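Dear colleague,

Please find the structure handed over below. My notes on what was found in it follow directly after.

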Amino acid sequence: MSISSDFPCAGARSVDVSSFKLPSSSKLDSISYFGAGPAPLPTPVLEEASKVLLNYNDSGIGITEISHRSPEANAILAHTQTSLRQLLDIPESDGPEGYQILFLQGGGSGEFSAVVYHMVSVWLGALAAKKEQQEGLEKEIERLRLDYLVTGSWSLKASQEAARLVGASHINVVTDARKHRDGKFGLVPPQDTWTRTKREEDVALTYYCDNETVDGVEFPSPPSGPNLIADMSSNFLSRAVDIRRHAAIFGGAQKNVGTTGITIAIVSNRILPPYATMADPALLRKFGLSVGPIVLDWPTIAKNNSLYNTLPIFDVWIAGQVMQRLLDQSPAGKSPRIAEQAAESDRKAGMLYSVLDGHAGVYGVVPDKSARSRMNICFRVKGGDAEVEKAFLKGAEGEGLMGLKGHRSVGGIRISNYNAVKVSAVEKLAKYMVGFAEERKA
C-alpha cells in the first residue's frame, strides 16, 4: 500500500505504509502515562498531527516542510499567540502595559541564562542613562543584585547559572528551602524568614520557579519583588496567572503545552525597547558582565515576531491545537478562560492526595502540605523501602499505569498530573493505590 500526493515543483510523493503498525484503540486506552516530561498530549491533537505531518491543509506539503516565513506559518503563529492571550488574559498593547509572546528554543534552561542577560542589561542601561559620563559606574555596579527564591532543584540550577554568568557576589538567595527542612527541599519558607535585597533599585530581577517537578513543591500564590520573573515550565496553563504582576514568565512546552522544541516567554513591554534602555554590549564587557547570544535576546526575538531564526512551526502548531482545546472547553464569557482546566487539575490532585493522606501508614507525601504541587505528586512508600517501592511500580505497570518512578536524584514515586492526563486515568491510579495500601497495612 502506498500514499502519494502531488507537490508543486516536487513531483509525486509516495510513502510505503504497508509495514506501519498502529496501536489498537484498546491498547491506547489500556495505558495511562504519568511521566514528568515530555508529557502526554491529547489524543485528538496527536491524531490530527499525524495527518498534517504528511499533508498540511491539503497543500500536498507536510507541516514540517513549509517555510517558517510563509503565510501558513504566520497564521499558525498568530493563532497560537491569540489563543494564549485569551487563556491567560495577557494584555495586548504597544504601550508599556502590554506584553509580548515570544517563541524561542533552548528550553527552560536556556531561559535561565536569557533572563540574566536581559535583566542585567536593562538594569545597567537604566543606570548608565542617569549618568552623563561613565565615571563612577564601576562602583555603582557593585550594588547589582539578582534575588533568587530557591525552593527546589530547578530554581537552584537557575541561581547557579546566574552566579556563573555574573559572579556569585551579585546573587542574593532570598530563601533556601533546604535550610528550613534538614537539608532537603519540600516547602516554601515563610516570608518573614526571607532576606531580600534591602534597596529595591539594586535588584535587577526577583526569580522563582512556580512549580518544582523534582521535589513536588508549588507556590500557593506568586511572591512579590522587583522585576518578578517566573519559571512556569511545569504548571503552565494549569491555573490562572496574575500576568501583570510579572516582568516576564517563561516555560518549556513539553509539560502542559506541547512537544519538546519550543519555549514560550511572556515579556512585559516595560522591560523592552523603547520603554527600557538596554546597555551597550561594550559597556557590559567593560565591567565583566556577560553578553548573551542573539538567539536568546528578547528584544531581537520580539522585533522579529519570533522569526529571527528558523522557528519549529510544527511545535507551535501543536501548542496552538492544545490551547484551542482548552478554549473550546471553557465558555467564551468566562474569565479567565483557563478556569475550567484549573478546576480539573485541582480535582485530580485532590483525588490523589486524599488517597495518600487516607493511607498514611503506607504512603508518605514528600513536600509540606502548605506547598504541595498539583502537577507533580511526590511520595514514598513504607518510608522509602526500596523493595516495596519496586513492587508498587511493577504492580502499577501491570495495570498499564506508566511513568511513576521518581526523579533519579531523589527516588521515590512521582505522579505527574499534567493537563492531558485524563480524569479516568487518575481514578484508575487512585483505585490501584488504595488496593496496594490495603494489602500492606501494618
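Seven strands form an open sheet with mixed pairing, in the order S4-S12-S11-S10-S7-S5-S6. Strands here are DSSP runs of E with at least two residues, helices are runs of H or I with at least four, and both are numbered from the N terminus; two strands pair if DSSP finds at least two bridges between them. Strand S4 (99-104) and strand S6 (171-176) stand at the edges with a single partner strand each, so one side of each has no neighbour in the sheet. From one strand to the next, the twist averages 15°.

Please note that this is a predicted model, in which local features need pLDDT of at least 70 and side-chain atom pairs count only at pLDDT 80 or more, while totals for chains, interfaces and linings use all residues. Residues are numbered from 1 along each chain as its sequence is written, and side-chain values use heavy atoms, with hydrogens and water left out.

Helix H4 (residues 107-130) lies across S4, strand S5 (145-150), S7, S10, S11 and S12, and runs at about 160° to S7. Helix H6 (residues 153-166) also packs on the sheet, where it touches S5, S6 and S7, and its direction makes about 160° with that of S5. Contact means heavy atoms within 4.5 Å; axes are lines fitted to C-alpha atoms, for helices over the stretch in contact, and angles run from 0 to 180 degrees between N-to-C directions.

A further open sheet has three strands in the order S13-S14-S16, with antiparallel pairing. Its edges are strand S13 (363-365) and strand S16 (413-416), each with a single partner strand, so one side of each is left without a neighbour in the sheet. Neighbouring strands of this sheet are turned against each other by 35° on average, direction ignored. Three bridges link S13 and strand S14 (residues 376-381) in the antiparallel sense, and valine 365 stands opposite phenylalanine 379 in S14. Helix H11 (residues 386-398) packs on this sheet and touches S13, S14 and S16, with its direction at about 130° to that of S14.

Turning to helix packing, helix H10 (residues 339-358) and helix H12 (residues 423-439) pack at an angle of about 5°, and their axes are 9 Å apart. H10 and H12 are therefore roughly parallel to each other (angles under 35 degrees count as roughly parallel, over 145 as roughly antiparallel, 65 to 115 as roughly perpendicular and the rest as oblique). From H10, the residues Glu344, Arg347, Lys348, Met351, Leu352, Val355 and Leu356 meet Val423, Val426, Glu427, Leu429, Ala430, Met433 and Val434 of H12. The residues of this contact divide into 10 nonpolar, no polar and four charged; Ala, Val, Leu, Ile, Met, Phe, Trp, Tyr, Cys and Pro count as nonpolar, Asp, Glu, Lys and Arg as charged, and the others, Gly among them, as polar.

As for aromatic rings, those of Phe, Tyr and Trp (its six-membered ring) pair if their centres lie within 6.5 Å, and planes under 30 degrees apart count as stacked, over 60 as edge-to-face and the rest as tilted. By this rule the count comes to 11 aromatic pairs. The rings of tyrosine 208 and phenylalanine 219 have centres 5.0 Å apart and planes at 70°, so this pair is edge-to-face. Tyrosine 208 is buried at 1% relative accessibility, and phenylalanine 219 is buried at 2% (buried means under 20% relative accessible area, exposed over 50%, partly exposed in between, with a 1.4 Å probe and protein chains only). One aromatic cluster is formed by Tyr363, Phe379, Phe392, Tyr432 and Phe436.

Some backbone details also deserve a note. Most residues other than glycine have a negative phi, and most peptide bonds are trans. A cis peptide bond joins glycine 37 and proline 38, with omega about 0°; proline 38 is in the loop between strand S3 (32-33) and helix H2 (43-52). The bond from proline 273 to proline 274 is likewise cis, with omega near 5°. Asparagine 305, although not a glycine, has a positive phi of about 50°, and serine 306 has a positive phi near 70°. Asparagine 305 is partly exposed at 33% relative accessibility, whereas serine 306 is buried at 1%.

With kind regards
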